[in-house]
Amino acid sequence: MKKRIATLVAAIMLGGIVAGCSGSGAKPAAGDPGADEASKKPITFTWLVYDRTEGKVRSDWEIFKEIEAKTGVKIDFQVVSQEGLNEKRQIMIATNSVTDFIQVTAQEGRENGPEKVFLNLKDYLDKAPNLKKFYETYPEAKALATGADGGLYTVPVLEGDPEGKGFNFVWLVRKDLTSKLNLKEPTNPDEFYQYLKTLKEHYPDTYPFSPQAIVGDVGLYTVIGSMFTGIQGFFNLNPQTDTYAFAPYEKGYKDAIVFMNKLYAEKLLDPEYPFLTATQWDERIMKGKALVSYYWKANLPTLTENAKKAGAPADYELDVILPFAAPGIKPYQFSRALVGSTGRAISAKVKDKDRAVQFLDYLLSEEGTNYLSLGIEGKTYTIEDGKPVYLKEFGETPYVPLRRDWGVWYDNITLNNAISRDAWERGMNEKSKAINKKYEPYIVPAPKAIVKTKEELELEKSKLNNLNKYLEQKITEFVTGKTPINDTTYNQFIEQAKKLGSDELLNMYNTAYKRTYGK
C-alpha cells in the first residue's frame, strides 16, 4: 500500500433478478432486506460520481427520492469533473479513503479488495439474495469480481444482452448522394474503392472516407485491419478460432496497409485523418465534407439534426451500408460486451456494512434496477407488449433528458446499461429499427473479459503501451507514404513488433483467456 501511495504521489505531485423489494405497496417477503422496519432507518452513504455533458449530477432527482422512501437511504453524491474522476479515484484507493459507494475497474477491485480497501461481498451473500443471484446468473461477472483471496469485491456493470445481439457501430454514408449516383453497396474492398472513387469524381471537394479516429472501436486501422484479417484491433479474439490473435501476424494485414495507402494517395481518404479531432470530424459530417465513415449508430439522428441546423440541404440523409470484407474473410461486428470492465464497490470502512450491502442488494432487485436504468413508470417509460420503452416525448436520443433531468442511465450510478439500451432501441423510429435488423446477421457475441494475474498485468503494463505507439506510428508512415511498403519494410515492421513484446503479449492473452474460462 505504501509503495502504491508513493508511486501515485510521485506521478501526480439486472434487469430483474430477484426482487429485494416488491414495490406497488406490497409487503416484502420474509427474509428480504426490507422485511425489518429497522432496515429503513434513515442513513446516508457517500458516492463518487462525475458530471456528464448531458447534465450535472443533482441532489433532487426524483428516482433517488423514491429510492430513499423505499430504503431509508439518502445518497450524498461527491461530484468531480469527468477529467478529474480517474485521478480522484486513484488517490482515494491509494490512501484507502474511498467513498461508501464507488465505481472502480474490476481490476482495481480485485487488487485492492484483499487489502481492505473494498468490502468483501462474499461474506454477505446469505443476506443478499439479489447479489447472490447476480453472481450465479453471470459467471463472467463473478470471475471479474473475484480477488486472489477468493473474495468478491465489485458488482460489474451489465452492458449487453445475454444473447449477444446488441451492437454499437455502423458504416455511415450520405444516402442522398449515393442514391443520386445509384451506387451499389460494396461487398468487398475493391468495390468499396470504386464506391469512394465515384463519390470523389462527382464531389471533388469532399473526403469520401473520413474516419473519426485511427485506433479504437471506430478507428481506421481497426476497421480496415478487420476487413482484411478478421481481427478487430491489434490484439483481439478471433471468433472463428476462439483464440487471441495479433492482427499484423495475420495473412492480409499487409494488404490492409497497401489498401489504406492507395486510398490516401488518391485522396479518397481524408488527408488529415491522423490528426482529426472529434470536433473537426463532426464539422466535416455536418458541412458535407465527409461522406462515408464508421461510427456510433446512436449518433446518427443527432448528426443529421445538427447538419440540418448547420445549413445542410433539405434532402440531406445519413444511412448505413452493411459490413463487408476481403475475399475469404467473414464480415462481422462484435456485440456489446455482456459484462463491462467497471463495477460498483463498497468501502471496507463504511460505517454500517450490513445496511450498505442491503442497499446494494436493493439496487440489484427488479425495482432498484428499474429506478436506475429506466426511471419511473408513467413518467420516464411505459410498458408496451410487456416490455419497457422510454416515453416518446424524450425523442430519438432519450438518454440526454433522462440523464439530465432524472439521473437515469447515468454513468457511475446505474448498474445495468443493457436494459436502458433495450428500452431505447424499442422506441426507435422505423429507420433505426430497420438498421438494427439489417445488421443483425453480422453481429457475434463480444469476447468475454479476461482476468489477468499480477505478473500478466505487469507484462502488459511494461509492453503494450510502447508497442501500440510503435504500431500506430509505423502504420501511419506506411499509409501516408513516408515509409514504402514492400517485403523488406514490412518484415522489419513485424520484427520490431516482436522486439517490443508482441509474442509475449499474445501468449499472455491466450493463457489468461484459457485460465479464466477453461478454454
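What pLDDT does the chain average? Colour by pLDDT, the predictor's confidence in each residue, from 0 to 100: the chain averages 92, and 92% of the residues score at least 70. This is a predicted model, where local features need pLDDT of at least 70 and side-chain atom pairs count only at pLDDT 80 or more, while totals for chains, interfaces and linings use all residues. Residues are numbered from 1 along each chain as its sequence is written, and side-chain values use heavy atoms, with hydrogens and water left out.

Now select residues 1–35. Here the pLDDT is below 50, and beyond near neighbours in sequence the stretch has 61 contacts in the model (contact: heavy atoms within 4.5 Å). Where pLDDT is low, the predicted coordinates should not be read in detail.

Zoom out and switch to cartoon. You'll find 20 helices and 15 strands (DSSP runs numbered from the N terminus: H or I, at least four residues, for helices; E, at least two, for strands). The C-alpha atoms fill a box of roughly 75 × 55 × 45 Å along the principal axes.

Next, select α11 (residues 278–286) and α12 (residues 300–309): they pack at about 65°, axes 9 Å apart (axes are lines fitted to C-alpha atoms over the stretch in contact; angles run from 0 to 180 degrees between N-to-C directions). That makes α11 roughly perpendicular to α12 (65 to 115 degrees).

Show side chains: Trp 281, Asp 282, Ile 285 and Met 286 of α11 meet Leu 303, Asn 306 and Ala 307 of α12.

Notes:
Parallel < 35°, antiparallel > 145°, perpendicular 65-115°, else oblique.
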